[in-house]
Each structure stands twice: as structure tokens, then as C-alpha cells.
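Let's take a walk through this one together, from its charged pairs to its greasy surface. Keep the viewer open as you read.

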Amino acid sequence: MDLQCYRSQDESTFNVGIWEGANPLTSSLSLLSMQLVFIIVLTQLLFYVLKPVKQPRVVAEILAGIILGPSFLGSNKTFKKIFYPARGEQILETLATFGVMFLIFLIGVKTDLRILFHAGKRAPILGMSGLIGALAIIFPSCLMNMKSLEPDILKVPAFMFSMSVSLSMNSFVVIVPILSDLNLLNSDLGRIALSGSVTNDFVGWTMLASIIIGDASAVSAQTAIWAAFSIVALVLFIVIAVRPFALWVIEKTPQGKPIEEGYIFAFLLLILLVAFYTDIIGTNSMTGALVLGLVIPDGPPLGSALTTKIEIIMKGLIVPLYYTVAGSKINLWHLTFAKLPGIIFLGVLGKIAGTLLPSLYYKIPFLDALALSLFMTSKGIIEVMTYNFWMSNKLIEKNTYSILMLSVILVPAVCVPIASTLYDPARCYAVYKRRTIQHLKTEAELRILACVSDQSHVPGMLNLLEASYPTIQSPICVYLLQLVELVGRLVPVFIPHKIDRANMADGSTGFEADPIINAFLLHEQTNQGVLSVAPYTTISPYASMHDEVCRLAVDKRVSLILLHFHQRKDIAGHVRANTGLRNVNRKVISSAPCSVAVLIDRQATDTTTVTTEFMHQVVVLFFGGGDDREALAYGERMSRHPGINLTVIRFLPSRGIKDDQAERKLDNRILDDMKAIGLRTRKVKYREELVGDMENIVQVIRALDQESYDLVMVGMRHTWNAVMLADRLSDWSECPELGVVGDFLATAEFDSMFSILILKQQDQGGMLSVTAYNVPVNAEEPPTH
């Protein structure tokens, strides 16, 4: 046992100040503040240094602890005395453990146990096989080499099994932040890893609970009974009392209103009470916090409210502190190795093989299967908590603790970067055929994926669908995808909504509580027989939401993805920007398996309501190239509408500038077709503008306001256009993803009343073979309406 002595009179909570000659670090508050600043700065610095090589955050935070510990800076007596004296260690560790207890509660709140029942068969089998593959190697190896293991391990079979199970598990809680940092939560592989790790967690913790009860029965039968009874009593209290209370709070809170502060305080108090109870009955307080969190419904309003109150300080301050304190106990220079490192290495190989072989059996491509196997070896906060618990209960000592903690660093440090390099989610979005409006047959169904994240987006989208002119000969199928940011949940959720069309004859849609879906279904009723709507909702982080959009586009074989611009005006006329939505738009534009259009609705505000108005005067700005040809093809479809007139303005370079002759031939062909339509129907007007620089282009565009257009359409990319290449305007764009002209039209300085549609045609280079594999995802069951 380490004995540490210090004078209590040297310690106080507050300080009289340096101006009176006092040492500021003699007060507990000043010392703690300085230590926290030092730890946070160091962990953030290490994280940003290691981020380019795709290292998980846990690696940086434990490395910070090693640097501050006896291996490096802590070996200097002066540094340790000033910055990390013995009297401050207990305060720092208590604060870290106390904070992690709240973090574990939050993890429980954000966890949806329904993933166990909606994961299908494959993912749980993959999770189980990985656990069994590792356990089948580690436990026999520990038993056979028990005497030759590190001398500071409790060498009894029960603990050997407990340690083997812990080394074989990979926790759901650990996998989520790693996949989130890599933006893979919504990917096919990410979904399999999440579902498999939940099963892995459930089986592993069931084994460990059995060991604890069995350990108690070894003392006496009465001890085992009381231990089991105290745990059951806690679970019953949480399920019978806390869960109904949480549901009552949700029911009592009006829709769209925040949870009252008093209820939030009550749940925070419950965490402390449960932690106190679990501690006095001999169970880890983290376990009680986790069980309590699991019964709280995830998502809004309660789950998201608790997340908002707790998460920022926990993730930004407490987790780095906990990892750093845990890492500071490692002393690299006093390590002695026996058989344990080799057993851990063999266990990692067993886990990789146990996950890889069933993955190949289920026809997952080899590189993806290998990446999944490597992700499933990840370690993190659960392992760190477990090893600290073992050391505090004298099941292991510092040498074995250091070896186990080094495995927490080394395994993810090696496996995660390799896995993220092997797996490319964009491979799943490649397609065989052209999926564009231009190449769609005249009599074919037009399939559109409309992405909506806000109620103000609805009128513009519906007006555009009306202008698209669905008919019996060429109907439109709209896949409506609501984009909802993931808050108060750990796992993304994809909801395919069921529609009871048999009961829609009376004018009711069954979705009156959801105004977005309701508006689209009412539009379907107005255009019955020629337009159909299939609504979906994705609840995902903005960073990986594009995966959901592209996956649905591939599955439904859509020709066009409709996105809404990330900026809009509020009631006061101020421009509001949703940077998360912009991130989604940019990623969809770059990796979409079909054509993409971004709608800028100048009429969209916070108070916008659905109207029956639609675009009557449409103009296509034609500079040349595939994107402009796609815009022209969409404009041609709109011109079939009896109430729409189309104008095509072609911008030609002046004689002093040469353009791409191959592109010009393709442009001439489609323009000749449009001219023929204009002569036949008198609904298409065509004119040409000769321009020598961007200033000429801007003058023509500004003049559009005087001609009362309702919709302006333009292609996104004009990289072959000689005028724009000469001016290099793309270097000055605010929204370069929209292209030079699209960016100019989207700027607040260009304040016009018409709406703008900026199109990008499907990239021909992306038409490769589809490598997606059909593995069940954690889609919620469609709600009954």
C-alpha cells in the first residue's frame, strides 16, 4: 500500500491572494483549476496532433495521463510537488469518478434497447461470434498459464474467467464515439457494428453478473441471497417507479415545450441516490447509473433535455480528466511482462477471426468484413472503468493495470486507422445505369427523393413538384425523407412510415400530428393517380446523415435528390444559416448516386404555410455542360405543364475566347430539340447572350428581376466554361458547392424574389458496380397511425 503524507494546515479551499504573499497552489480550488486547465489543453493538443492519422480520442487522453504520470513529467519531483502534489490526487480522482457516473447515466439515457429486437439475425451472430472467438482463446490460455501470469494478478479461476470475459467483450458504448468521430454511424458497416456490439454487451454483462453472484455464494448462501435481492430490489424500483415517472413527465410536457427544471433536478438527484445505494451494497455505482439511464426514454423531450444539461461538461471536461487520471497511474519504466500481453494479442486475433469468418459467410465483401472485425476490437471507457475497479479492489496491482491500460491504447491505435482506411461507404452508392432526368425515358416514372429538415421547406418543395407536371403517362413518385438531427440518442434511427391509404378517402391522412408528412400526403390526394408519396424519417448526426440520403436513393433508384438550401430568412428578415444542413448538402452533392438539385426558396420563412401557387414563368440559364443539360431537361418537363412558360438563355463566349468543342456539340443537340419544341408549342422561348467576362453575365442575371420570373434554373458546375475559368471566380465563392453562378444567385446581396434551382447531373465516373450488402439495420418499426 502506498502511504502519502502531507500537512493539512497547508491546505485550504480558498486563497488570500498572491498580493499578500500566499502561494496560490496551496488552496484546493486553485490547484484543481490549474490541473484541469493543464489536462484539457494537453489532451486537446494530443488529439489534434493524432487526428490526421485517425486515432480515437481515447488514445490521446490516456497518452496525456502517461505524459503527466511517473513515466515522464511526474517523475520530476519539482513538477509533481508543484502541479500534482499528493494532497490533490484524491480530489482529482474523486471528481473524475463522480463525473463519469453522470456520463454513464447519460449513455444509458441515449441507448435504445429496441436495437436488440430490430437488428435481425446477422448482426447479433457477428457480435456473438467475435465474443466467443476471443473467449475461446483467452480463458483456456489464462487457466493453463495461471502460475506463470504476472505476479500481481489474483490467481483464482473465477477471476480468470471474469478477466477473460472483459478482455473478449467490445462495448456498444465504446464503438459509438469511434464511429461518430469517423462519420460512419449511418454507414452499412456502422449499423452492423452497433447492433453486434449491443448483443456482445448484453451477453458479456450477463456473464459478469453471474460471476458476481457466484462469488457471493462462495462466501455463504445467505450473502448470495442478500446480494441478489439487493440488485433485484434496485431494478424493480427503477422499472416500477422511475420509468412510469419519466413517462408521466413526458406526457405532462406540452409538445414542443422544454422539460421543467424541477423535473431535471429530480432526475439528477435520483442519479446520486442510486449511486449511493449501489455503492453501499457492494455494486459499482456506475452500474446503477447505467440501469437508471436505460429506463429513461431516449430522444426528445426528456432524453434530449438531460443530454443538453449534462453532455457538454461531461464530454469536454470529465471524460478527458477520467482518462488522464487513469493513464497517470501507468509507469512504463517499472513494467515487467510475463504471459498476459501474449494472451491479449491472441485474444484480439481470435476476435478478428470470430467476426471475419461469419461476415464472409454472409457475403460481406472481404475489405468491409475485415474493417468490421477491426472495429469490433475497440476498447475505451468501459475497459478503463473495469481495470480501475479491479485495482481499487486489489484484484490486480499496478503492473498488470499498466499492461491492461496499454492494451486500451494500442489496440484501437492500430486497428481503428486500418479499419477506417479499408472501409469506404461511398462504394455502396455506385450504380450501373444513368439516373438522371435527361436520360429518363419520356413515359417513365420520375422518382424524386425530397429531403426536408424544416417546415418552412415544404411549400417550395410542393410548388416544385407541382411544376414537375406528373401525368398518367409519366407519374412522379416522391420519397419524402425528413432530416432530424440526432439529440438525446446514441444510435441513428431510420423510420419508414406506414400509410393507411384505405382510410384516406375522407380527406384524413393519419399524420395530422406531423405537419410535414401531412402536407405531402395532402398533395398526393390532390394529384391522386399521378403522384405518390412514401414518407421516411432519419434521426442521425449531421456529419453522417448523407449516408442515409444516398442509401435511400440507391435502394429506390431515384433520378433526382432534392435538397433545400441551408439559409433562410426569419420573420424579421434576417438570414439564418443551418451549418449542419450545409454539411449534409455538400456531402450528398459530392457522393450522390443520381442527379442532385438544391432549391433556394426566397419565400421560405418561419411562418410560411402551404399554398396552391407554383412557378408559372421558368428560365434556364444555359452555359453548357452536363449540369446545364440536366437543368434544361428538367425545364423541358416543366414546359409540358399548361400553366408554365419556359425561357432558355444561352450564354456564348465572345470570339476572343475558345470553349470546349465536344461539349458544344452535345449542347447544340439538346438545344436544337428545345427549339423544335418551342416552334411546336409556342411555350418555349430561346435567346442567346454573348459574354466576354463575368461582369457581362452578372448584368444579364440582374436583369431577370425585371422580367417577373418565378423560378431560375442553372447547372452547378461550369469548369469547362472559358469565361468563368478566365475570371477564376470559384476561388472567391461563399458556397463553392453551388458553383460560380449558383453561389452568386444564392448570396444575400442578390436579393430577388424568384426561387432558384441549382442542378448537378450524376457523375458518369461514379457508375460502378454496387457493393452494398443487405444486412438488417436498426430501423424502427413504422409507427401505427
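How many salt bridges does a search of the whole structure find? The search turns up 14, where a salt bridge is a side-chain nitrogen of Lys or Arg within 4 Å of a carboxyl oxygen of Asp or Glu. Before we go on, bear in mind that this is a predicted model: local features need pLDDT of at least 70, side-chain atom pairs count only at pLDDT 80 or more, and totals for chains, interfaces and linings use all residues. Residues are numbered from 1 along each chain as its sequence is written, and side-chain values use heavy atoms, with hydrogens and water left out.

Start with Glu548 and Arg551, whose side chains meet in a salt bridge at 2.7 Å, N to O. Both sit in helix α20, three residues apart, about one turn of the helix. (Helices are DSSP runs of H or I with at least four residues, strands are runs of E with at least two, and both are numbered from the N terminus.) Glu548 counts as buried because its relative accessible area is 3%, and Arg551 is buried too, at 12%. The cut-offs here are under 20% relative accessible area for buried, over 50% for exposed, and partly exposed in between, with a 1.4 Å probe and protein chains only.

Now jump along the chain. Arg717 forms a salt bridge with Asp627, and the closest N and O atoms are 2.8 Å apart. This pair links distant parts of the chain, 90 residues apart: Arg717 is in the loop between β12 (711-715) and α25 (722-727), while Asp627 is in helix α22 (residues 626-639). Arg717 is partly exposed at 28%, whereas Asp627 is buried at 1%. The two also belong to a network of salt bridges that takes in Lys760 and Asp763.

Asp667 and Arg629 make a salt bridge, with their closest N and O atoms 2.7 Å apart. Asp667 lies in helix α23 (residues 661-681) and Arg629 in α22, so the pair ties together parts 38 residues apart in sequence. Asp667 is buried, with a relative accessible area of 4%, and so is Arg629, at 8%.

Back to α20, this time for its packing. Two packed helices are described by the angle between their axes and the distance between the axes. For α20 and helix α21 (residues 579-591), the angle is about 40° and the axes are 9 Å apart. That makes α20 oblique to α21, since angles under 35 degrees count as roughly parallel, over 145 as roughly antiparallel, 65 to 115 as roughly perpendicular and the rest as oblique. The crossing of the two helices is right-handed.

What about the backbone? Most residues other than glycine have a negative phi. Arg557 has a positive value, near 55°, and is placed in the loop between α20 (545-556) and β5 (560-564). Arg557 is partly exposed, at 48% relative accessibility. Lys363 has a positive phi as well, near 65°, in the loop between α14 (340-361) and α15 (366-375). At 69%, Lys363 counts as exposed.

Finally, the greasy bit. Ile231, Val232, Val235, Leu236, Val239 and Ile240 form a nonpolar patch on the surface, with about 480 Å² of accessible area together. Of these, Ile240 is found in helix α10 (residues 221-252) and is exposed, with a relative accessible area of 59%.

Note on methods
Patches are made of residues with over 30% relative accessible area and no salt bridge: like charges are joined within 9 Å, nonpolar side chains (Val, Leu, Ile, Met, Phe, Trp, Tyr) within 5 Å. Accessible areas come from the Shrake-Rupley method with a 1.4 Å probe; for residues, only the protein chains shown count as cover. Axes are lines fitted to C-alpha atoms, for helices over the stretch in contact, and angles run from 0 to 180 degrees between N-to-C directions. A crossing is left-handed if the near helix is turned anticlockwise from the far one by less than a right angle, and right-handed if clockwise.
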